[in-house]
Amino acid sequence: MIRYLARRLLSLALSLIAASIVIFAVIEIIPGDPAAYMLGLNASPEAVAALRDQLGLNGTAFSRYLDWAGGLLQGDFGQSYTYRVPVAELIGERIQVSLPLAAYALVLTVLIAFPVGLIAAARRGRPADWGIMAATQLGIAIPNFWFAMLLVLLFAVKLHWFSAGGFPGWEGGLAAGLKALTLPAIALALPQASILARVMRSSLIDTLHQDYIRTARAKGLTRRQALLRHALRNGLIPVLTIMGLQFSFLLAGAIIIENVFFLPGLGRLIFQAITQRDLIVVEGVVMLLVFAVIVVNFMVDIAYGAADPRLRRRR
Amino acid sequence: MTAMIEARGLSLAIHGMPILRGVSFALREGETFGLVGESGSGKSMTALSLMRLLPEGAEASGEILLAGRDLMALGEAEMCDLRGREMAMISQEPMTALNPVQTIADQVAETLIVHAAARPREARRIALERLARVGLPPDAIPPDRYPHELSGGQRQRVAIAMAIALRPRLLIADEPTTALDVTTQAQILALLKGLVREEGMGLMLITHDLAVVAGMADRVAVMQEGRIVEEGDTESLFTRMRHPYTRALFEASAHQPERRPTARAEPLLVAEDVVREYRMPGLRLFGPAPRFRAVDHVSFTIHKGESLGLVGESGCGKSTLTRALLGLDPIDGGRIRLGGEEITAGRHMPARLRRRMQVVFQDPYASFDPRWKVGRLVAEPFHLLETPPEDPAARVAEALADVGLPADAADRYIHEFSGGQRQRIAIARALVLKPDLVILDEAVSALDVSIRAQILDLLADLQARLGLAWLFISHDLNVVRAITDRVLVMQAGRIVEEGETERVLTAPEHPYTQTLIKAAPQIPAAWRKALHG
Amino acid sequence: MRARLPLQLLIGAAIFAAFALAALVSFLWVPHDVTALNIAAKLAPPSREYPLGTDHFGRDMLSMLMVGARTSIAVAILAVGIGMLAGVPLGLWAAARRGSLIDEIIMRGNDLVFAFPSLVIAILITAVFGPSATNAIIAIGIFNIPVFARVSRGAALSLWTRDFIMAARVAGKRAFRISLEHILPNIANVLIVQGTIQFSLGILAEAGLSYVGLGAQPPTPSWGRMLAEAQTMIYTAPRLAILPGLAIVLAVLGLNLMGDGLRDLLDPRLRRARQ
């Protein structure tokens, strides 16, 4: 297991380095002179030079990358050109909305998908399965931000159960904060839960056809016991992979859905930064998002190793 | 004595397809009952019917009486209570029959726990005891191992431990040794025999191999197309064989094709000191990765027109050697020459050299691209010619005719053919370029005995007519005896014995060869004599 | 059970064909010009003249949806094309050289691209080149590459262990030729099914990108942008938000049903199970 962990850690570090190189190259090398790009066509050469100086954009690409990456390691994402504050500070504020939202949605996804997938697999071919398959087929097809609008229409406009948007901040207490994130989290979670429930169902049905399930039944286990004691753990392995992928969808979805609910998260920050050509902010936020995706997939790999003893030995 | 379990008029259809047609038999307490038949005869479905673990879409009728109680009338809950307690089953494939993410001790203990026969701690203690009983003592095989850390034979022992944990009255073993090597098979059969004796358990042994039941069963039933065609005490069944199908099965299993010697003294393929190594899996930060020598200084010669056998158990290096001979994998030492020219693996091997050597594989289902028609499949080796033949269709038809198939077979897809016909097509593909040497890699191992006998006849005939050389790789000594002039015995990457087939098989010199021959199940010679006398 | 399989495929294909047809017709004819603003007729309810009513600029909703279908389908198809053309050869190459350095590089490269959700790729491209529908195509297309590479490598790997591949090698064929002659035709089913899935995901992703302004730009109508514009009027004219959403749901649903039906039809494993 330690060997497996060491290997995964090494590949985690390499992935992060590779991703940071790609992001750096797109933002700071492709536009030619980022400072000139940020100021637009009408900027004077003096102003461009001054900005370049201020942002630390002088020097070779290689040395700039090392500076930037070194800064990242210490939590320094550079200076925002429009806000005139450290990018880390901006991110620090906004992440308090986006990350909890994505995590909330992931929890809901799992809480919905696991039981639903399990029921569908246990009742495969029967009406309950049929209903679940039809409902999830629809759930997959619904864009989350549109679903969010419908939720606003129903729960905020018609029923007045929730406010239509905005975020009171965590200072107002955990309950108020969670309440403000509930509709967006539901909107994010239902389509993903539909996918996960279907993956769970088909993976469980696959494992139910394995020889060892027949062995278990020959030992005297009931159908339900065979499903819960043998199929579940084996069937969970592909489900984990999909969960890792889903986190990146949830994170991207969170950024889009913030628009529907006027949430002051990373999405607002980054879309403003794009229109204002604040490349340093874009670079920082993108790096953070990619970092989150890579780390979550690393954790999935570890969970894999825990779930499947065959993986611990080899590779 | 009354029957412990009895089937009366058992019939079964799956999705409307009849599988069993009125099967009746009875097993007495502590008796070993052999059920023999070819694939598709319904023997496995009989076992699943007894356990009431039939696949979806199956409809069974008839009676199954366990100690007088009709199982067909029982509810699922009552069946769950009986399974594992009164009747247990082990199946053919030890690689997939165990849960890969649970330790072996837990899997054995589970039998006790689900039947509330013991509390977890006690269940584990009994599980370890049972594991020790089947030859997996905790000090040699830690009980917290996972199935993938065990060999095939060890896994089958775990499956047996699981099945006998509650000392059931009936153990159904469905082809328990078919996937195992012959020496492992002998050990597992000995274990089952001992268990029957000591535990007083009834054993229903399902197999395709007449020799296995001959040495194990008290009584034998022969199945054909969902019916039991003959049944009786083992010795009287083997010495009389009233039903023609039983007799045909028996003749086919010992079939000796008529062979004309075609071997000449001229060497065709010469292997000298061939070495092939693999890097071992596993991560090592420093130093060279450990290497596994799959083929270890192997030397031999195949003469023109000769039929040479290569015998060994799985993992002995047969397949690795085959790939090296075919020039598919590079070798790490020694050299291989075909007609004086050196075989070098990969792209440097000239087409004119490749043309002289072709191959037939074991699995008639995996040997062909399902999307190609037979004509194109058989013609694939034409790729090795500098210029394509003028009349490819005629060449293909000729090759098909050589293996006894009509020319219009070329226009059909491979899924339209049976296993035996596919193996003929594989031979046609190997012959289409008129090679000097054909490597037959377990080419008849996946076939039923009656089909196997026909293919062996075909091979003998082809060799006599075309004068080509066979390298016949097999784990089955009977087959090797039937079709080869000389034989090599391979163990752990080395050739340990070499000689005339008859001499090696009757008077083996190397201890490993002796073990192999002793382990192979045989129908007693006295019974054979009685039958033919 | 048996009757449901073709049904699923038929319903899905019918729904999707309706959208594809609407998109094609929109090139030749639409009920009303979608670039002409007619404030006098704004927010008109459905009528004979405007079957689905008009939006806040008086544009005909039906015409907007038809042209929007064009955008969605074009973006998604081109993105699938990019993903297949780049991903499948990479996957085949990796499988042909399984265990080698090339395989390792391709697979690690895949993992790297997987870490960039298509939204993030679109953000990066837009930040540097400005917003356009092409960005959406490239962003979704790049995201599709590792999907196809992984699927084709996985399917090809299991084929490479089969004896018929060994037979082709004994017939002197090189890995490239074997990949083309034997592997590709045998994984075509898998690729078709995956293609439909990525197509429907592409429509969803395009809608999301144009909703946040990273996709098609005005005046090109697109379903996602229609939703973004409708959002401010959700209290007064919910119809404007509901119609484009329904269009997305139906198109995606149709494609998914089609994909599931195709998989049931083409997957030999399932076919065997059914017999």
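What share of the 315 residues in chain A is buried? In this predicted model, buried residues account for 50% of chain A. Laid along its principal axes, the C-alpha trace of chain A spans about 80 × 55 × 35 Å. Contacts that join residues 24 or more positions apart make up 74% of those in chain A with a separation of 6 or more.

Chain A carries 28 positive and 17 negative side chains, and a distance of 22 Å lies between the centres of the two sets.

Turning to chain C, its secondary structure consists of ten helices and zero strands, and the elements from the N terminus on are again written as a run of α. The C-alpha atoms of chain C fill a box of roughly 75 × 50 × 30 Å along the principal axes. Chain C has 275 residues, and 58% of them count as buried. Among its contacts with a separation of 6 or more, 70% involve residues 24 or more positions apart.

Chain C exposes about 11,500 Å², with 70% of this area supplied by carbon and sulfur atoms. As for charge, chain C holds 23 positive and 14 negative side chains, and the centres of these two sets lie 9 Å apart.

Terms used:
Residues numbered from 1 in each chain as written. Chains lettered and ligands numbered in written order. Heavy atoms only, no water. Helix = DSSP H or I, 4+ residues; strand = E, 2+ residues; numbered from the N terminus. Buried < 20%, exposed > 50% of the residue type's maximum accessible area, 1.4 Å probe, protein only. Contact = heavy atoms within 4.5 Å. Areas by Shrake-Rupley, 256 points an atom, 1.4 Å probe, with all protein chains shown as cover. Lys, Arg positive; Asp, Glu negative; His and termini not counted. Charge placed at Lys NZ, Arg CZ, Asp CG, Glu CD.
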